[in-house]
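Hi everyone, thanks for coming along. Let me put the sequence and the structure up on the screen, and then we can walk through them together.

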Amino acid sequence: MMKLWMTWGIALLISLLPASLIADNGTPATAQGTGTPPIAQLHLSEAVICETLEAFKPLNPSVVFSVKTGSVMCFTAFDHVPEQTSIFHDWIRQDKLVFRKKLILKTPRWSSVSSIQLREADKGPWRVEIRDADGNILRILRFSITD
């Protein structure tokens with residue numbers, strides 16, 4: 001019975017070790033193609049342009065919106081926030097920055113949203129550049145406003 005408990009204990013201990021410690025070539029697990037971001041990095045898990053939110057979830061995400069919608073939102077979700085930091089939603093129309101929203105993210109995960117009110121003059125192609133605190137682009141979302 002004692003050997004069984006020791007075997008289970010060792011298996012549990014091994015399963016709790018970081019993957020980078022048990023990688024056979026000493027390379028961190030992320031470099032081996034697991035797709036998991038290093039623990040110290042901010043990880044954007046979802047980014048969409050939508051009409052509205054319901055229960056803090058994006059509703060009617062799309063890439064084309066009618067100006068009659070009245071407003072559109074950029075929703076971002078981060079499933080790993082290693083420390084409190086800020087991000088930016090840069091709303092750009094015809095390569096001109098129209099609006100920049102600074103948003104604060106808190107640990108361990110966080111969702112954020114920014115929005116713009118639509119006017120007739122806003123028709124055409126848009127993009128939202130999602131940037132980290134250092135100005136690095138995390139994702140670009142493209143969409144259009146139509147009649």
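This is a predicted model: local features need pLDDT of at least 70, side-chain atom pairs count only at pLDDT 80 or more; totals for chains, interfaces and linings use all residues.

Let's begin with the salt bridges: the structure holds eight of them. By that term I mean a side-chain nitrogen of Lys or Arg within 4 Å of a carboxyl oxygen of Asp or Glu.

Residues are numbered from 1 along each chain as its sequence is written, and side-chain values use heavy atoms, with hydrogens and water left out.

Now please find Arg127. Its side chain meets that of Asp95 in a salt bridge, at 2.8 Å from N to O. Arg127 lies in strand β9 (residues 124-132) and Asp95 in the loop between β6 (85-93) and β7 (96-105), so the pair ties together parts that are 32 residues apart in sequence. A word on those labels: helices (H or I, at least four residues) and strands (E, at least two) are DSSP runs, numbered from the N terminus.

Are these two partners buried or exposed? Arg127 is buried, at 18% relative accessibility, while Asp95 is exposed, at 64%. Here buried means under 20% relative accessible area, exposed means over 50%, and partly exposed is in between, with a 1.4 Å probe and protein chains only.

Arg127 also forms a salt bridge with Glu129, where the closest N and O atoms are 2.9 Å apart. In that pair, both residues are buried. Stepping back, we find a network of salt bridges that links Asp90, Asp95, Arg100, Arg127, Glu129 and Arg131.

Another pair to look at is Arg119 with Asp122, a salt bridge whose closest N and O atoms are 3.0 Å apart. Arg119 is exposed at 53%, whereas Asp122 is buried at 4%.

Let's turn to a sheet. What is the order of the strands in the open sheet of three? The order is β1-β5-β8, and the pairing is antiparallel. Strands β1 (43-50) and β8 (110-117) stand at the edges with a single partner strand each, so one side of each has no neighbour in the sheet. On average, neighbouring strands of this sheet are turned by 15° against each other, direction ignored; axes here are lines fitted to C-alpha atoms, for helices over the stretch in contact, and angles run from 0 to 180 degrees between N-to-C directions.

Within this sheet, β1 and β5 (residues 71-80) pair in the antiparallel sense over seven bridges. Two strands count as paired if DSSP finds at least two bridges between them.

Finally, a few backbone details. A cis peptide bond joins Thr107 and Pro108, with omega about -5°, and Pro108 sits in the loop between β7 and β8. Asn60 is not a glycine, yet it has a positive phi of about 60°. You will find Asn60 in the loop between β3 (57-59) and β4 (64-66), and it is partly exposed at 41%. Gln94 also has a positive phi, near 50°. Gln94 belongs to the loop between β6 and β7 and is exposed, with 52% relative accessibility.
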